[in-house]
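Trainee: I have a structure open on my screen and would like to learn how to read it. Could you take me through it step by step?

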Amino acid sequence: MSDAVTFKSEDLLEKGNGLRFAVPVLGPHATGFVVRFEGKPYAYVNRCAHVPVELDWEHGKFFNMTQEWIICATHGAMYAPQTGRCVMGPCQGKSLSPIPVTEEAGVIKVHLDQF
Ligand code: FES
C-alpha cells in the first residue's frame, strides 16, 4: 500500500499543466495526475476510459485548447474536470477513476492510501 503524495499548492496552476505521480498499487508503470480547475485540485488515474492508455502524450498536458475539459490525446475523449465523467468521444458515459485529494496550508495531498 502506498501513502499520500504531496505537492506544493503553488506548483499546481489553474487550468495549467497537471502534476503526475506514480500509482504503484496499479502496477509498476501506472500513473495518476492532479489538475486544478476553478480553484480546486482533482486527481485521477492517468488512464483513458476508452483504451487503457495515458491521457497526456506530452507529460502534464491534460486540458484541451479551451481549458474546459480534460482531454485524451489518443482519440480526443473529453472529461469533465470536476467529475472525471466522459462527456464527449468514444467513452461517453464512462469515467476516469478518481483519487482522493485534499489541499490545506499550501499543500496538496493525493491520498493513495485511501484509493
Ligand atoms: S484512448 Fe482515449 S479516447 Fe481513445
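Mentor: Gladly; we will go from the whole chain to single residues. This is a predicted model, in which local features need pLDDT of at least 70 and side-chain atom pairs count only at pLDDT 80 or more, while totals for chains, interfaces and linings use all residues. Residues are numbered from 1 along each chain as its sequence is written, and side-chain values use heavy atoms, with hydrogens and water left out.

Trainee: How many helices and strands does the chain have?

Mentor: Helices (H or I, at least four residues) and strands (E, at least two) are DSSP runs, numbered from the N terminus. Here the chain has 0 helices and 10 strands.

Trainee: What does the radius of gyration say about the chain?

Mentor: The radius of gyration is taken over C-alpha atoms, and the globule rule is 2.2 Å times the number of residues to the power 0.38. For 115 residues, a compact globule would come out near 13 Å, and the chain agrees, with 13 Å. Its C-alpha atoms fill a box of roughly 35 × 30 × 25 Å along the principal axes.

Trainee: Which strands form an open sheet, and in what order?

Mentor: Two strands pair if DSSP finds at least two bridges between them. In this chain, 3 strands form an open sheet in the order β5-β6-β7, with antiparallel pairing. β5 (70-71) and β7 (86-88) are the edge strands, each pairing on one side only. Between β6 (residues 78-79) and β7 there are 2 bridges, and Tyr-79 stands opposite Cys-86 in β7.

Trainee: You mentioned a cysteine. How many disulfides are found?

Mentor: A disulfide is a covalent bond between the sulfur atoms of two cysteines. The search looks for a pair of cysteine sulfur atoms within 2.5 Å, and over the whole structure it finds 0 disulfides.

Trainee: Is Cys-86 buried or exposed?

Mentor: Buried means under 20% relative accessible area, exposed over 50%, and partly exposed in between (1.4 Å probe, protein chains only). Cys-86 has 3% relative accessibility, so this residue counts as buried. Cys-72 is also buried, at 3%. Over the chain, buried residues make up 43% of the 115 residues.

Trainee: How many aromatic pairs are there?

Mentor: Rings of Phe, Tyr and Trp (its six-membered ring) pair if their centres lie within 6.5 Å; planes under 30 degrees apart count as stacked, over 60 as edge-to-face and the rest as tilted. The count comes to 4 aromatic pairs. Phe-33 and Phe-62 have ring centres 3.9 Å apart and planes at 10°, so they are stacked. Because Phe-33 lies in strand β3 (residues 31-37) and Phe-62 in the loop between β4 (40-45) and β5, this pair ties together parts 29 residues apart in sequence. Phe-37 and Phe-63 form another stacked pair, at 6.2 Å centre to centre and 25° between the planes. Both Phe-37 and Phe-63 are buried. Ring pairs also link Phe-33, Tyr-44 and Phe-62 into a cluster.

Trainee: Where does Asp-56 lie, and what does its side chain make a polar contact with?

Mentor: Asp-56 lies in the loop between β4 and β5 and is buried, at 2% relative accessibility. A polar contact is a pair of N or O atoms within 3.5 Å; within protein, one must be able to donate a hydrogen and the other to accept it, and residues adjacent in sequence count only if both atoms are side-chain atoms. The Asp-56 side chain makes such a contact with the side chain of Arg-20 (3.0 Å). A polar atom of the Asp-56 side chain also lies 2.8 Å from the backbone nitrogen of Gly-60.
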